[in-house]
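Please keep the sequence and the structure in view while reading.

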Amino acid sequence: MRNHRFLPVALFALLLGGLTCCAQESDLEAFRKLHNELRQRMDQDLAGASEYLESQIAAAPESADLNVLRHSLATRFLEQRDYKNANAQFEKLLDFQIKHVDQSENQYGIWMTVQSLRDVANASRDTTALEQAVDRGFAAIKTLNSNQGAKPLGPLTQLAVLKAQLMASDGKEEDAKAIVQSQLEQLTKINDSDESSEQTMQALVRMLTALTSPVRGNDSWRDEYVDRLDEVVSTAIERYPDSVLLQNDYATTQLLMITRWRQDDPKATEERIDRVTEKLDSIALKNQSVAATLRRIRLHKERMAAVKPVATLVGKPAPDWEIDAWVNAVGLTRDSFKGKVVLIDFWAIWCGPCIATFPHLREWREEFGDQGFEIVGVTQYYNYQWDEEIKRAARSDEDVSADEERQALAKFLEHNQLAHPVMVTPKESKMGGEYGVRGIPHVVLIDGDGVVQLVKTGAGEQTAKEIHAKIKELVEAAGSEVDAPAKPGN
């Protein structure tokens, strides 16, 4: 189970800072003593600690300091897998924050509490409390009137995204898209007007970042907003070049564009790396977070440089395979495919363009499978688990064992009706580089003699047509050789 102690404590510290920054020193000291008392009681008897806190709040129900202590108590219940009481404490804290939503610290507190309820939902596999909290928090912030100050765009937009994700996961995709579109239009309008500021631009960037993350509910619109995020974050850094937060957002987005989202054009990726590196060099001198991201971008460039050029592969014997384990098969070796036309498909469980090629893989295997053709998938460990309830793979916050991840891969393949064998390479494998992989999906087509005949990257229809035509050509050629009469003297 994920260790929840660290994130909630960080959130609690933010809540605590917002609620006690203006307190007199004596009040702050009293609060610290109360917090220490609660922690000691939680260590001894969690139920007793809960009763203790309730009695304190009953004596002073409007105390923000007392109510925020529910976060510590709820976190401890979560660590004990007592999801019912964890939800109850978070919900009571949310009640207090909604009641006092006119105070800015509670507007951000609502989002933090909802985030914590999402932790409970992820652990318990029950989203009921989370869905209700999102609806209540979103409505409370959205209905703030002008006398209560401007709506806090950060919490409002993040709640809108989470609300849409939950609706999409529940099959209400059109309603979910309407919420997303409405909120994006409002943010875009603000940022195109005189009301634009670093904060409003940041809210737009963070909303697009949330919409493109690989989480449940984003599937139907993720690709649509990747390019939009790239455009908006570039505009943001131009408008507010000294904003540390926007600098971080820009660097992180570019890293994702380079390593995850736009891998079907290696040349464009190399050009982006050069462009981004030049831009981030000066920023990295004063921003350590950007400096760390820049190091990762440069490391990726080094890895790309180590990849064999595609031109050196075609017409040559296929490089060796590095096999850690098989999924959908047992005990295979490269010799198991001797004499066959083999399509090697480099892919990843998180890769949207890879998933887009699955229908073609199924069709090609069905069409040519009895003619000496086979597909071999190649992937690696990404620390993903399978969620049986929602039939989806997701990155885990905990370390996932190799065996667990192979089980997740098997479930994923079954869910997507893929029956071909899939090879999982060892960690630190160089097989991808040997096969010219700079982006995925990446296909290498090998003839019956083990010679590379075609290499293609990407998921477009034109690419699929070229691959299909080459498979047909190789299979027919192999069939002709088998059917050809023996030469005299043989």
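## Terms and overall form

Helices and strands are here DSSP runs, of at least four residues for helices (H or I) and at least two for strands (E), numbered from the N terminus. The model is a predicted one. By this assignment the chain has 19 helices and 8 strands.

Along the principal axes, the C-alpha atoms of the chain fill a box of roughly 105 × 50 × 40 Å. Of the 490 residues in the chain, 47% are buried. Among contacts with a separation of 6 or more, 67% are between residues 24 or more positions apart.

The largest nonpolar core has 84 residues, and V114, L211 and L280 are the members that touch the most others within it. Helix α8, covering residues 153-169, gives the most to this core, with 10 residues. Another core, of 55 residues, lies apart from it; Y382, A408, A464 and V475 are among its members.

Leaving aside residues up to four places away in sequence, L280 touches Y250, A251, V290, L294 and I297.

Helix α5 runs over residues 83-99 and has 17 residues. From its first C-alpha to its last, α5 reaches 24 Å, close to the 24 Å expected at 1.5 Å a residue. The buried residues of α5 are A86, N87, Q89, F90, L93, L94, F96, Q97 and I98. An α-helix has 3.6 residues a turn, so residues three or four places apart point the same way.

How do α5 and α6 pack, in terms of angle and distance? Helix α6 spans residues 104-124, and the two pack at an angle of about 165 degrees with their axes 9 Å apart. Angles over 145 degrees count as roughly antiparallel, and α5 and α6 are therefore roughly antiparallel to each other. The crossing in which α5 passes α6 is left-handed. On the α5 side, the residues that meet α6 include Y83, A86, N87 and F90. On the α6 side, the residues that meet α5 include N106, G109, I110 and T113.

N248 belongs to helix α12, residues 244-261. Buried means under 20% relative accessible area, so N248, at 19% relative accessibility, counts as buried. Residues up to four places away in sequence aside, N248 touches N287, S289 and V290.

R295 is part of helix α14, residues 288-306. Is R295 buried or exposed? R295 is exposed, with a relative accessible area of 55%. Although R295 and T277 are 18 residues apart along the chain, their C-alpha atoms are separated by 9.5 Å.

## Backbone features in loops

I440 and P441 are joined by a cis peptide bond, with omega about 0 degrees. P441 is located in the loop between α18 (431-434) and β7 (442-446).

Positive phi values occur at two residues described here. R125 is not a glycine, yet it has a positive phi of about 60 degrees; R125 lies in the loop between α6 and α7 (128-142). With a relative accessible area of 41%, R125 is partly exposed. E428, also a residue other than glycine, has a positive phi near 65 degrees. The loop between β6 (422-424) and α18 holds E428, and E428 is exposed, with a relative accessible area of 76%.

Technical notes: Residues numbered from 1 in each chain as written. Predicted model: local features only at pLDDT ≥ 70, side-chain atom pairs only at ≥ 80, totals over all residues. Heavy atoms only, no water. Core = buried A, V, L, I, M, F, W, Y, C linked by side-chain atoms within 4.5 Å. Buried < 20%, exposed > 50% of the residue type's maximum accessible area, 1.4 Å probe, protein only. Contact = heavy atoms within 4.5 Å. Expected span 1.5 Å × (residues − 1). Axes fitted to C-alpha atoms, helices over the stretch in contact; angles between N-to-C directions. Parallel < 35°, antiparallel > 145°, perpendicular 65-115°, else oblique. Left-handed = near helix turned anticlockwise from the far one by under 90°.
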